[in-house]
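User: Could you take a close look at how the two chains meet in this structure? I'd be glad of the cut-offs along the way.

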Amino acid sequence: MSDKSIANESMIKLTREQLAARVALDIPEGAYVNLGIGLPTLVGNYLPGEGDYFLHSENGLLGMGPAPASGEEDPELINAGKQYVTLLPGGCYFHHGDSFAMIRGGHIDICVLGAFQVAANGDLANWHTGDPDAIPAVGGAMDLAVGAKQIFVMMEHLTRSGESKIVPQCSYPLTGIGCVKRIYTDLAVIDITETGLRVREMVAGLSFEQLQALTAADLVDAT
Amino acid sequence: MIDKSRYTLAESVADIADGAVVLVGGFGMAGMPSELVDALIEQGARDLTIVSNNAGNGETGLAALINKGRVKKMICSFPRQADSHVFDALYRAGRIELELVPQGNLACRMEAAGAGLGAIFTPTAYGTELAEGKECRTIDGKHYVLEYPIQGDYALIKAHQGDRWGNLIYNKSARNFGPIMARAARCTIAQVSDIVGLGELDPEAVVTPGIFVQRVVAV
């Protein structure tokens with residue numbers, strides 16, 4: 001992609017860890033937060049240890065803690081990504097009816113999800129590439145997309161082949177319509193508003209024009 | 001005297017007929033009633049419709065049942081996993097049906113069955129291909145999709161402790177679908193680590209009241 005080469009020279013992309021740390025800055029103490037499988041799970045590592053943050057896992061945990069020490073793993077204490085976790089003092093367990101009432105009932109303040117594509121109007125595609133050979137799997141993504149008070153998407157700005165994941169319209173099957181409020185990528189932080197995709201932050205060494213050249217949907221410079 | 005804990009594993013699943021709809025608890029292997037599933041494999045029922053969050057892990061439990069060709073249809077939210085090769089192969093060969101249901105809809109469709117509701121309007125999946133062809137309604141400006149209950153003929157679930165009246169408590173995140181599947185099946189069979197005497201479970205802490213459970217088996 002010729003567009004990709006425009007910016008490669010000077011910009012400093014965020015690493016996965018830096019991106020997780022950036023998202024964590026926007027999560028206030030006291031928030032009830034669901035972190036999606038994969039990249040979003042890393043955000044939990046960057047929430048300040050001295051504060052009270054309530055991590056929800058849709059398989060039935062509130063007050064989820066970090067991974068257990070080696071040898072302390074409990075096969076009946078896992079997160080939605082089926083990784084071993086712990087429960088903080090004050091945390092609790094519940095069944096799927098309660099868990100998805102928390103989600104769909106609007107009790108979760110922030111949900112951070114990964115994405116294949118996000119459209120300019122906030123449509124989200126993150127469950128299926130539409131590839132006929134792919135086994136479709138949706139899990140709780142569609143419930144989270146409609147239910148959480150705010151959906152943050154966290155993803156790389158470009159696909160591996162250099163295509164923009166922020167698009168005028170999703171070409172992959174949708175997870176939810178108009179649900180994404182903010183996008184955090186390894187290049188920028190972008191709000192989805194009624195007046196368009198407003199760029200709030202960019203990484204060092206990247207100009208707005210370069211970012212726009214890498215992005216398939218129209219952006220507004222709000223830095 | 002009523003003793004719901006009088007069954008062996010084999011006796012507890014003996015009457016599951018060919019073509020039955022069986023709800024199987026668990027999220028991954030947490031809460032998976034592996035011993036009950038093994039007893040069902042041994043029992044031999046075929047053409048089953050299995051409702052479970054996943055479509056089997058590795059080669060054991062639900063994956064083994066699928067591998068034996070006993071499952072006609074899976075209703076689940078997340079069949080694709082790193083170790084779901086048994087299901088993946090049958091699905092790609094067109095030898096097993098899949099109804100993909102968002103996880104929360106899977107839960108609330110079973111809750112609806114357990115609560116005697118005729119259907120539910122859920123916001124999940126509105127505007128997506130999983131809502132195609134389904135009735136939609138706008139209520140107070142918000143969009144909903146009509147979904148029907150999922151009623152099980154049987155539920156196979158795993159709990160921590162139970163008593164002879166069928167009261168259950170669970171262990172950590174192994175609780176997951178157990179309590180709602182118990183309500184959604186005509187006959188719920190719970191495998192437990194421990195059968196305790198009546199009154200030993202704190203009535204304030206009972207998670208599944210015994211009315212929802214027909215058989216309890218210690219494993």
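Predicted model: local features only at pLDDT ≥ 70, side-chain atom pairs only at ≥ 80, totals over all residues.

**The contact between chain A and chain B**

Between chain A and chain B the count is three salt bridges, a salt bridge being a side-chain nitrogen of Lys or Arg within 4 Å of a carboxyl oxygen of Asp or Glu. Glu76(A) pairs in this way with Lys158(B), their closest N and O atoms being 2.9 Å apart.

Residues are numbered from 1 along each chain as its sequence is written, chains are lettered from A in the order in which they are written, and side-chain values use heavy atoms, with hydrogens and water left out.

Now the contact as a whole. Chain A brings 36 residues to the contact and chain B brings 45 residues, where contact means heavy atoms within 4.5 Å. About 3,300 Å² is buried between the two chains, with carbon and sulfur atoms giving 62% of that area; buried area here is the accessible area (1.4 Å probe) that two parts lose on being put together, summed over both. On the chain A side, Glu76(A), His96(A) and Ile135(A) lose the most area to chain B, together 23% of what that side buries.

As for covalent links, a search of the whole structure finds zero disulfides over all chains, a disulfide being a pair of cysteine sulfur atoms within 2.5 Å.
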